[in-house]
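Subject: Structure handover

Hi,

Here is the structure I promised to pass on. Please open it and keep it beside this email while you read.

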Amino acid sequence: MKTFRDLLVWQKSMSFVTEVYKASKSFPKEETFGLTSQLRRSSVSIPSNISEGYGREGLKDYLRFLNIAIASLFELQTQLEIAFNLEYIKKEKFDELYELSREIERMLSSFIRSIKSKRN
């Protein structure tokens, strides 16, 4: 692996950011600095922390950033539910985004386990 760009989980999370931005584009204007901003920031945090951790020295630091990425993903899942409950996104879009987030969650969890096993 040459760079973080080669990581499938990073690639998927980058695509996910685009989908989150598209979905939140139609949120009410009063949410610009509220839920829209939070949702977008947490989505951007996922690939950002994967890449930042990749550039750090040592596995301990890398794991710390991967754990931040997965925490941001959990935050985003909660925000998606809030957006759905407030009827800012339709059920089909919520289901699509939630399933994408779960796929990234599984990939990140597996990646974290893999790195932990290399550490021991």
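E87 is exposed, because its relative accessibility is 70% (buried means under 20% relative accessible area, exposed over 50%, partly exposed in between, with a 1.4 Å probe and protein chains only). Its place is the loop between α3 and α4. Helices here are DSSP runs of H or I with at least four residues, strands are runs of E with at least two, and both are numbered from the N terminus. E87 is not a glycine, yet its phi is positive, about 65°. Most residues other than glycine have a negative phi. E87 comes after α3.

Two notes on the source. This is a predicted model, in which local features need pLDDT of at least 70 and side-chain atom pairs count only at pLDDT 80 or more, while totals for chains, interfaces and linings use all residues. Residues are numbered from 1 along each chain as its sequence is written, and side-chain values use heavy atoms, with hydrogens and water left out.

Now the helix lengths. The expected span of a helix is 1.5 Å times one less than its number of residues.

- α1 has 17 residues and spans 24 Å from first C-alpha to last, close to the expected 24 Å.
- α3 has 27 residues and spans 39 Å, close to the expected 39 Å.
- α4 has 29 residues and spans 41 Å, close to the expected 42 Å.

Next, how α1 and α2 pack. Two packed helices are described by the angle between their axes and the distance between the axes. Axes are lines fitted to C-alpha atoms, for helices over the stretch in contact, and angles run from 0 to 180 degrees between N-to-C directions. α1 covers residues 8-24 and α2 covers residues 35-54. Their angle is about 170°, and their axes are 9 Å apart. The two helices are therefore roughly antiparallel to each other (under 35 degrees counts as roughly parallel, over 145 as roughly antiparallel, 65 to 115 as roughly perpendicular and the rest as oblique).

Which residues of α1 and α2 meet? From α1 come V9, W10, S13, M14, V17, V20, Y21 and S24. From α2 come T36, L39, R40, S43, V44, I46, P47, I50 and S51. Contact means heavy atoms within 4.5 Å. By class, this contact has 11 nonpolar, five polar and one charged residues. Ala, Val, Leu, Ile, Met, Phe, Trp, Tyr, Cys and Pro count as nonpolar, Asp, Glu, Lys and Arg as charged, and the others, Gly among them, as polar.

Look at the buried side of α1. Its buried residues are V9, W10, S13, F16, V17, V20, A23 and S24. They cover an arc of only 135° around the axis, which puts them on the same side of α1. That arc is taken from the directions from the helix axis to the C-beta atoms. The cover over these buried residues includes α2, α3 (59-85) and α4 (91-119).

S51 is in helix α2. Is S51 buried or exposed? S51 is buried, with a relative accessible area of 19%. Leaving out residues up to four places away in sequence, S51 touches F4 and W10. L7 sits in the segment before α1. L7 counts as buried because its relative accessibility is 6%. S51 and I82 are 31 residues apart along the chain, and their C-alpha atoms are separated by 28 Å.

Last, α4. Its buried residues are F94, L97, S101, I104, E105, L108, F111, I112 and I115. What covers them includes α1, α2 and α3. L100 also lies in α4. L100 counts as partly exposed, at 28% relative accessibility. Apart from neighbours within four places in sequence, L100 is in contact with F16 and E19. L100 and S13 are 87 residues apart in sequence and 8.8 Å apart in space, C-alpha to C-alpha. R102 is partly exposed, at 27% relative accessibility. The C-alpha atoms of R102 and L35 are separated by 20 Å, and the two are 67 residues apart along the chain.

Best wishes
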